[in-house]
Amino acid sequence: MKTIATILLVFTSLIYFSSSAKNKELYQIKTYNLKSEAQLTVTENYLKDAYLPALKKLGIKAVGVFKPKSFSLDSITKLIVVIPFASFKQFSQLEGKLAKDQQYLAAGAAYLKAPYNKAPYERIESVLLTAFSNHPFLTLPKLDSPRAGRVYELRSYESATEAIYNTKVDMFIGGEESKIFDRLEFNPVFYGEVISGGKMPNLMYLTSFANQESRDAHWKAFVDSPEWKALLKMEKYKNTISHMDIVFLYPTDYSDY
C-alpha cells in the first residue's frame with residue numbers, strides 16, 4: 001500500500017506540474033565555463049553553426065547567448081545561453097531529437113566529438129526555471145544600441161527557506177515589484193522560479209538596457225520610486241533575500257537578442 005501511495009503522489013505531482021506550466025514557459029540557463037581561446041572558438045562555433053540552428057528547426061526561438069561584461073580568458077570565463085521551452089516535454093525530448101539531426105551532428109562535429117584531452121569547455125552548469133505567472137513568456141527587448149555596449153543584468157535572489165522564498169516571489173507578483181520594472185521600462189526579458197539548480201530556493205530574472213549609464217539611471221529611479229519605498233516598509237517582505245548574485249552581460253553577434 002505504501003508503494004502504491006508513493007506512486008500516486010509522484011503521479012499527482014507530475015500532473016500538477018504539467019498543468020501549472022501549461023500556459024507559461026520554462027527557461028534553461030546553460031553556462032559554459034571556459035579557460036582558453038581554443039575552447040572559446042570551438043564552443044562558439046558549435047553554438048552559432050550547429051546548436052542554435054538545430055533549436056530553431058525544432059521551433060525553439062529567441063535563444064540568447066551572452067558573455068560577461070568582464071569577459072577575459074586570463075582565467076575561467078563564461079558563455080551563458082538562455083533557452084525558452086514551451087513545455088517540460090519539449091525540454092526533456094530535446095537531446096533525443098538533436099541526436100537524430102544529421103545536419104546538427106555534422107555541423108557540430110568538432111565540439112561533439114572532441115577528445116578527452118581537448119575538451120571544448122571545463123564544465124557546463126544548468127539551471128531550469130519556470131516563468132512567473134504574471135510574465136509567462138519571454139519578452140524580446142527593444143534595443144538599438146551597439147551590442148557590445150548593451151547591458152543585460154542577470155540577477156539571482158536566494159532565500160533562507162522555502163517559505164521565505166515564496167514570500168519574495170509574492171513580492172514580485174502580489175506586491176507588484178515587477179510592475180515597477182515595467183513602469184520604469186527595465187525591458188525585462190524573463191522572471192523565473194528555479195525548479196532545478198545549485199542555489200535553491202532562488203529566483204532569477206533578466207533585464208536589459210541600452211548601456212551602463214541607462215542601467216544605472218533606471219536603478220536609481222527604481223530605488224527612489226514611492227512604490228518601492230512602500231514595499232520596503234511592509235513587515236512581511238523584510239529579510240526575504242539571504243544572498244544576491246548580479247552578472248552584467250552583453251549579447252554575442254549570433255544571439256537572438
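Over the face of which residue does Arg155 lie? The views below, taken from a predicted model, begin with this arrangement.

**View 1. Arg155 and the ring of Trp219.** Arg155 is positioned over the face of Trp219, at 3.9 Å from the ring centre. Trp219 also belongs to a cluster linked by ring pairs, whose other members include Phe172, Tyr191, Phe222 and Trp228.

**View 2. The aromatic pair of Phe172 and Tyr191.** A search of the whole structure identifies 29 aromatic pairs. In one of them, Phe172 and Tyr191 adopt a tilted arrangement, with 5.8 Å centre to centre and 55 degrees between the planes. This pair links distant parts of the chain: Phe172 is in helix H6 (residues 162–173) and Tyr191 in strand S6 (residues 190–196), 19 residues apart. Phe172 and Tyr191 are both buried.

**View 3. The aromatic pair of Phe222 and Trp228.** The rings of Phe222 and Trp228 are tilted, at 4.8 Å centre to centre and with 40 degrees between the planes. Both residues, Phe222 and Trp228, are buried.

**View 4. The aromatic cluster.** Ring pairs join Phe132, Tyr157, Phe172, Phe181, Phe186, Tyr191, Tyr205, Phe209, Trp219, Phe222 and Trp228 into a cluster.

**View 5. The surroundings of Ser156.** Ser156 is part of strand S5 (residues 151–158). Ser156 counts as buried because its relative accessibility is 6%, and buried means under 20%. Its side chain makes a polar contact with the side chain of Asn202 (3.0 Å). Not counting residues up to four places away in sequence, Ser156 touches Asn202, Leu203, Met204, His243, Met244 and Asp245.

Key:
Residues numbered from 1 in each chain as written. Predicted model: local features only at pLDDT ≥ 70, side-chain atom pairs only at ≥ 80, totals over all residues. Heavy atoms only, no water. Phe/Tyr/Trp six-rings, centres within 6.5 Å; stacked < 30°, edge-to-face > 60°. Helix = DSSP H or I, 4+ residues; strand = E, 2+ residues; numbered from the N terminus. Buried < 20%, exposed > 50% of the residue type's maximum accessible area, 1.4 Å probe, protein only. Lys NZ or Arg CZ within 6 Å of the ring centre and 35° of its normal. Polar contact = N/O pair within 3.5 Å; in protein donor to acceptor, adjacent residues only side chain to side chain. Contact = heavy atoms within 4.5 Å.
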